[in-house]
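Here's a quick briefing on one stretch of the fold. Have a look at the model first, then read on.

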Amino acid sequence: MLPRIAIIGANGFVGRHLVDLLAREERPCLGIVRSEAGARVVRERGGEAFKLADLDGSSTGSLVPALEGSAGLVYTASVSAVAGAADRTDPSGLVNVLDACRAAGVRRCVFLSGLGIAHYGMNPHCTNPYFLAKMAGEVALFRSGLEAAVFRPSYIFGAGDEFLSPLIRRMSEETAIEIPGRGDYRLQPVSVEDTARAILGALDAPASGSPSVVDLVGPEIVSYRALVGRIARILGRAVDIRERPVEEAQALARDGGYFGLRPHDLACLLCDEVSDPGPVASLAGGPLEPLDRMLERTVAALARGEHAP
Ligand SMILES: NC(=O)c1ccc[n+]([C@@H]2O[C@H](COP(=O)([O-])OP(=O)(O)OC[C@H]3O[C@@H](n4cnc5c(N)ncnc54)[C@H](OP(=O)(O)O)[C@@H]3O)[C@@H](O)[C@H]2O)c1
């Protein structure tokens, strides 16, 4: 029997697809979630669910017996201990989980960070509490003594994501689409299926004795403006692009959201971070899904009403 993998946030976008992959490969999977609805998502996909209300010290004690027998853990949640905590950069939630891993004999942990972290303090769009929290999380993992694998994602695309799917829906309904600034900042989307395969590859890789950090990027770099054009072509619609000054978009994001984007979501879009996709392809065990194919599949899934998790 292959060793069990535990997932914190197993009902989330990446977590769900990881549960699917493990189920397809007939590998045991423990999905750690904080609601009954989350537990249902895990069970329906073939995983075993474990409910944990929060990641604070009083809750994570019960995690130790639950984690026993797991070889690795994937941490997809925010780093803070309590949902909606004011100080989201406090890594105590992750630290509590790492303590539980050590006590339960779990050897390896994968942490989902953010692609802009390497330019914190250098690129203004990478210098905010979101990237600081990710940095605190990486440090906590590196200090834990566990075998550490960090993924720093650009955008992860697929049915049920919170970026591409809403954008496609908006573009299906409107004849004009507003973008922040000129839209020349670049993204490097990777499919959620390739993401799951790369994470599993990192969990199964031989121990190297030092932490590994991988920029989780897809095979093609595309500007946001070009991405909008590509989606319009796939939808078969003429969509007019209207530019809103970046400062105005940022002010709207601060005042309750800019088309659903919070300030740090908008910063991630504007941060213009790209990297080498080679290490992801190697961990995923093959060529990465081309961008047009990701877009076509997401458009088709939305048309079939398959957006909801
Ligand atoms: N998706 C992307 O394009 C992208 C890009 C860059 C970085 N990332 C990072 O990758 C990770 C996974 O992304 P995702 O899109 O899968 O996120 P997601 O859909 O929001 O899923 C996050 C999961 O973590 C759980 N969670 C969040 N805070 C928690 C807490 N304090 N205690 C316990 N559970 C908690 C959520 O539970 P509930 O369902 O109960 O809320 C959910 O299951 C995130 O850390 C994100 O920052 C993602």
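Two strands count as paired if DSSP finds at least two bridges between them. With that in hand, note that this is a predicted model. The piece to look at is β5, α6 and β6, which together make a right-handed β-α-β unit.

**The strands**
- β5 and β6 run parallel, joined by five bridges.
- On its other pairing, β5 lines up with β4 (residues 70–75), again in the parallel sense, over four bridges.

**How β5 sits**
- Five of the five residues of β5 are buried, so the strand is largely enclosed by the rest of the structure.
- Both faces are covered, with Arg 108, Val 110 and Leu 112 buried on one side and Cys 109 and Phe 111 buried on the other.

**The helix in between**
- α6 spans residues 129–143, and its 15 residues reach 21 Å from first C-alpha to last, close to the 21 Å expected at 1.5 Å a residue.
- Its buried residues include Tyr 130, Phe 131, Ala 133 and Leu 141, and also Lys 134 and Glu 138.
- The cover over those buried residues includes both strands of the unit, β5 (108–112) and β6 (147–153), along with the helices α5 (92–104) and α11 (263–270).
- Just after α6, Gly 145 takes a positive phi of about 85°.

Conventions:
Residues numbered from 1 in each chain as written. Predicted model: local features only at pLDDT ≥ 70, side-chain atom pairs only at ≥ 80, totals over all residues. Helix = DSSP H or I, 4+ residues; strand = E, 2+ residues; numbered from the N terminus. Expected span 1.5 Å × (residues − 1). Buried ≥ 20, exposed ≤ 12 C-beta atoms within 10 Å, placed from the backbone. Contact = placed C-beta atoms within 7 Å. Right-handed = clockwise from strand over helix to strand, strands pointing away.
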